Amino acid sequence: MTAIRRLRPSEVSRAYDVASLVNDAYRAAQEQLFTEPTPRLSVESVSRIIADDEFVVYDVDERILGAVLQRDTSLRVGFFGVLAVQPDSAGSGIARALLDFVESQALARGVEIMELDLLLPDTPTPHQHRLKEWYERRGYVAGSSRDFRDVEPEAAQYLRYPTQLVRYSKNLRLTNDVTSKLTF
Ligand SMILES: CC(C)(COP(=O)(O)OP(=O)(O)OC[C@H]1O[C@@H](n2cnc3c(N)ncnc32)[C@H](O)[C@@H]1OP(=O)(O)O)[C@@H](O)C(=O)NCCC(=O)NCCS
């Protein structure tokens, strides 16, 4: 059975599975960005995120094929990150389904703005370029940006190109209104 759901804090024993999925999914993208890629998340940090009730997963018969971290940063603003899909299931709509879920659940809670951070190298890498196009198609708009050297100096020394961390945001209400106007 397929389910998209928030992992319960009592499911912290799934941290190893989620960390493996995230690190497998990020490997190729990290190689395009860094000369010495490192795992995206440790099992310990995934455990903390699950304990804080912040991981949403896409699972099929108990096998987790996709995951995304989602937290509300205020009553009106939500944030998602660490969106990851098992490489052998890529391209089948799992990431789209996860984002549809977190955006609609957030809207139902009264959250109006959803945010994400995207690494954008000055020389676009194929994966980051694809992500940028996809998020923009979904209604996300680029806002403030920071030089990644000022955000994570340790990791930034291995960047292949100068890179900005760009904050994107989407007005969930506006986009939903626009979508319903287009549909009818
Ligand atoms: C990014 C990622 C989560 C996408 O997962 P996925 O399940 O393959 O994505 P989906 O099949 O749901 O497709 C999402 C969109 O990308 C498009 N897409 C899928 N494969 C593509 C490809 N090879 N080239 C270009 N676009 C592609 C789809 O058409 C879809 O766009 P649409 O909704 O406008 O139709 C996955 O590649 C991944 O885990 N990457 C590594 C981690 C990462 O970069 N996370 C994001 C950090 S901000």
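The protein as a whole averages a pLDDT of 94, and 95% of the residues score at least 70.

**Ground rules.** I'm working with a predicted model, so local features need pLDDT of at least 70 and side-chain atom pairs count only at pLDDT 80 or more, while totals for chains, interfaces and linings use all residues. Residues are numbered from 1 along each chain as its sequence is written.

**Overall build.** I noted 7 helices and 7 strands; these are DSSP runs numbered from the N terminus, helices being H or I of at least four residues and strands E of at least two. Along the sequence I read β-α-α-β-β-β-α-β-α-β-α-α-β-α. The radius of gyration, taken over C-alpha atoms, is 16 Å, close to the 16 Å that the globule rule (2.2 Å times the number of residues to the power 0.38) gives for 184 residues, so the protein is as compact as a globular protein of that length. Its C-alpha atoms fill a box of roughly 45 × 40 × 30 Å along the principal axes. I also checked contacts between residues at least 6 apart in sequence: 67% of them join residues at least 24 apart.

**Around the ligand.** I looked up the shell and got 18 residues (C-beta atom, placed from the backbone, within 6 Å of the ligand), the closest being Ala 25, Val 85, Ala 90, Ala 95 and Arg 96. H1 (15–33), S4 (77–85), H3 (94–109) and H4 (126–137) each supply at least two shell residues. H4 gives the largest share, with 4 residues. By class I have 12 nonpolar (Ala, Val, Leu, Ile, Met, Phe, Trp, Tyr, Cys and Pro), 3 charged (Asp, Glu, Lys and Arg) and 3 polar residues (the others, Gly among them).

**Helix H2.** In H2 (residues 43–51) I find Val 46, Ile 49 and Ile 50 buried, that is, with 20 or more other C-beta atoms, placed from the backbone, within 10 Å of their own. Down the axis of H2 the buried residues fall within an arc of 100° (from the directions from the helix axis to the C-beta atoms), so they line one face of the helix. Their cover includes H1, S2 (55–60) and S3 (63–72). Just after H2, I noted that Asp 53 takes a positive phi of about 70°. Across the 184 residues of the protein, 28% count as buried.

How values were computed. pLDDT is the predictor's confidence in each residue, from 0 to 100. A residue is buried if 20 or more other C-beta atoms lie within 10 Å of its own, exposed if 12 or fewer, and partly exposed in between; C-beta atoms are placed from the backbone. Two residues are in contact if their C-beta atoms, placed from the backbone, lie within 7 Å.
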